[in-house]
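Work through the exercises below with the sequence and coordinates open. Each task is followed by a stepwise solution.

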Amino acid sequence: MAKSTPITNEIRTLRFHAGEMTQAELARQIGVTRQTIIAIEQGKYSPSLEVAFKIARVFKVGLDAVFQYPEA
Amino acid sequence: MPGFLESTTRAVALGTVLALGWYLLRVVPQIFNQPLDEISWKIEMVISLVVFIATLIADIIRAAIANRGELDQAGVVDDERDHVAERRGDAWGGHAMHAAAFIALMLLVFEFDPFWAANTLFVGAMLAGLVSSLVKLLTYRGSV
């Protein structure tokens with residue numbers, strides 16, 4: 001079974017509020033594949049800081065509005 | 001649908017299993033039934049490599065056709081998740097290859113028949129490729 005990262009994210013919600021932005025469109029703006037966006041959304045892959053900042057910049061929000069690291 | 005590099009990694013794993021499986025089925029039974037110098041293995045090794053390369057090329061072409069959209073997309077070539085998978089896979093594959101090379105070296109140092117050194121290197125290289133591919137696929141699935 002796939003192991004999930006403890007980091008959670010709000011990318012699905014942010015895409016919805018950005019006019020149902022597609023995963024492919026987000027991937028294009030960041031410069032990764034759609035599969036990578038899917039993996040990040042599902043918590044199967046933790047992106048680099050650079051990609052995390054790029055995602056936040058696309059949605060014009062802070063990093064902590066996109067990614068959360070809950071207390072254990 | 002998996003991306004281009006994930007598809008080609010699956011192709012490498014499948015090609016390795018097919019080629020190595022065929023080779024072992026042809027050669028291993030001979031080891032128990034005839035002297036080493038009568039075992040037919042060189043041509044089998046070459047055929048196995050040709051089968052592996054042919055399977056790989058066919059699957060790369062198939063993956064390229066299936067992922068045309070992704071490959072056309074500018075700037076996607078440097079996908080960071082691909083790099084992470086490559087790095088982990090190559091590290092594990094490298095360890096396996098080093099182990100095989102060391103065993104083959106010892107076999108030569110202690111003057112075992114060249115059959116054993118050649119086959120240790122061949123099987124070791126194929127297994128190293130398989131380990132590398134499996135680690136990459138596990139990374140893509142988020143299991144590593």
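**Exercise 1.** Compare the end-to-end reach of α1(B) with the expected span, and locate its bend.

*Solution.* Step 1: α1(B) has 30 residues; helices are DSSP runs of H or I of at least four residues, strands runs of E of at least two, numbered from the N terminus. Step 2: the expected span is 1.5 Å times one less than the number of residues. Step 3: from first C-alpha to last, α1(B) reaches 44 Å, close to the expected 44 Å. Step 4: α1(B) bends by about 25 degrees at Leu25(B), and Pro29(B) follows within four residues. The bend is the angle between axes fitted to the seven residues ending at a residue and the seven starting there.

The model is predicted: local features need pLDDT of at least 70 and side-chain atom pairs 80 or more, while totals for chains, interfaces and linings use all residues. Residues are numbered from 1 along each chain as written, chains are lettered from A and ligands numbered from 1 in written order, and side-chain values use heavy atoms, without hydrogens and water.

**Exercise 2.** Is Thr8(B) buried or exposed, and which residues does Thr8(B) touch?

*Solution.* Step 1: Thr8(B) sits in α1, residues 4-33 of chain B. Step 2: its relative accessible area is 11%, so Thr8(B) is buried (under 20%; exposed is over 50%, partly exposed in between; 1.4 Å probe, protein chains only). Step 3: beyond residues up to four places away in sequence, Thr8(B) touches Ile60(B) and Ala63(B) (heavy atoms within 4.5 Å).
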